[in-house]
Amino acid sequence: MTHARRRFTVTVPNWGSDHLSTEAVVAYVDDELAPGPRERANLHLDACRECAAQVRAQNRARSALRTAETPCLPSS
């Protein structure tokens, strides 16, 4: 009796692309990521337009806050 070998193929499902979290985008813009995570973020940003747009928006917001005039409160 000859036993036939079964062949299985496994197809990895395409769950879509993970994106940088809001916290990761802020840490990236504020240069607070360690070298390893920063390199992974750079690789992701090279391929992901959506996250790259979030980083640009966060950079604009950061610049606007840093250049905004401070409100003056009356002394009374």
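This is a predicted model: local features need pLDDT of at least 70, side-chain atom pairs count only at pLDDT 80 or more; totals for chains, interfaces and linings use all residues.
## Overall fold

The chain has 3 helices and 0 strands. Along the sequence, the pattern reads α-α-α. Helix 1 spans residues 22-29, helix 2 spans 35-47, and helix 3 spans residues 49-67.

Of the 76 residues in the chain, 16% are buried. Contacts between residues at least 6 apart in sequence were also sorted by separation. Of these, 61% join residues at least 24 apart.

## Helix 1 against helix 3

Two packed helices are described by the angle between their axes and the distance between the axes. For helix 1 and helix 3, the angle is about 60° and the axes lie 9 Å apart. That angle makes helix 1 oblique to helix 3, since roughly perpendicular begins at 65 degrees. The crossing of helix 1 past helix 3 is right-handed.

Helix 1 contributes Val25, Val26, Tyr28 and Val29 to the contact. Across from them, helix 3 supplies Gln54, Val55, Gln58, Asn59 and Arg62. By class, the residues of this contact are 5 nonpolar, 3 polar and 1 charged.

## Burial of helix 1

Which residues of helix 1 are buried? They are Val25, Ala27, Tyr28 and Val29. Their cover includes helix 2 and helix 3. Val25, Tyr28 and Val29 are buried, and these residues also meet helix 3. Val26 takes part in the contact with helix 3 as well.

## The loop after helix 1

Asp31 follows helix 1. Its place is in the loop between helix 1 and helix 2. Phi of Asp31 is near 55°, a positive value in a residue other than glycine.

Is Asp31 buried or exposed? Its relative accessibility is 54%, so Asp31 counts as exposed. The cut-off for exposed is over 50%.

## Helix 2 against helix 3

Helix 2 and helix 3 pack at an angle of about 110°, and their axes are 6 Å apart. The two helices are therefore roughly perpendicular to each other. That class runs from 65 to 115 degrees. Helix 2 passes helix 3 in a left-handed crossing.

On the helix 2 side, the contact is made by His44, Leu45 and Ala47. On the helix 3 side, Arg49, Cys51, Ala52 and Val55 take part. The residues of this contact divide into 5 nonpolar, 1 polar and 1 charged.

Val55 of helix 3 meets helix 1 and also belongs to the contact with helix 2.

## Cysteines

How many disulfides does a search of the whole structure find? The count is 0. A disulfide needs the sulfur atoms within 2.5 Å. Cys51 itself sits in helix 3 and takes part in the contact with helix 2.

Definitions and conventions. Residues are numbered from 1 along each chain as its sequence is written. Side-chain values use heavy atoms; hydrogens and water are left out. Axes are lines fitted to C-alpha atoms, for helices over the stretch in contact, and angles run from 0 to 180 degrees between N-to-C directions. Helices (H or I, at least four residues) and strands (E, at least two) are DSSP runs, numbered from the N terminus. Angles under 35 degrees count as roughly parallel, over 145 as roughly antiparallel, 65 to 115 as roughly perpendicular and the rest as oblique. A crossing is left-handed if the near helix is turned anticlockwise from the far one by less than a right angle, and right-handed if clockwise. Contact means heavy atoms within 4.5 Å. Ala, Val, Leu, Ile, Met, Phe, Trp, Tyr, Cys and Pro count as nonpolar, Asp, Glu, Lys and Arg as charged, and the others, Gly among them, as polar. Buried means under 20% relative accessible area, exposed over 50%, partly exposed in between (1.4 Å probe, protein chains only).
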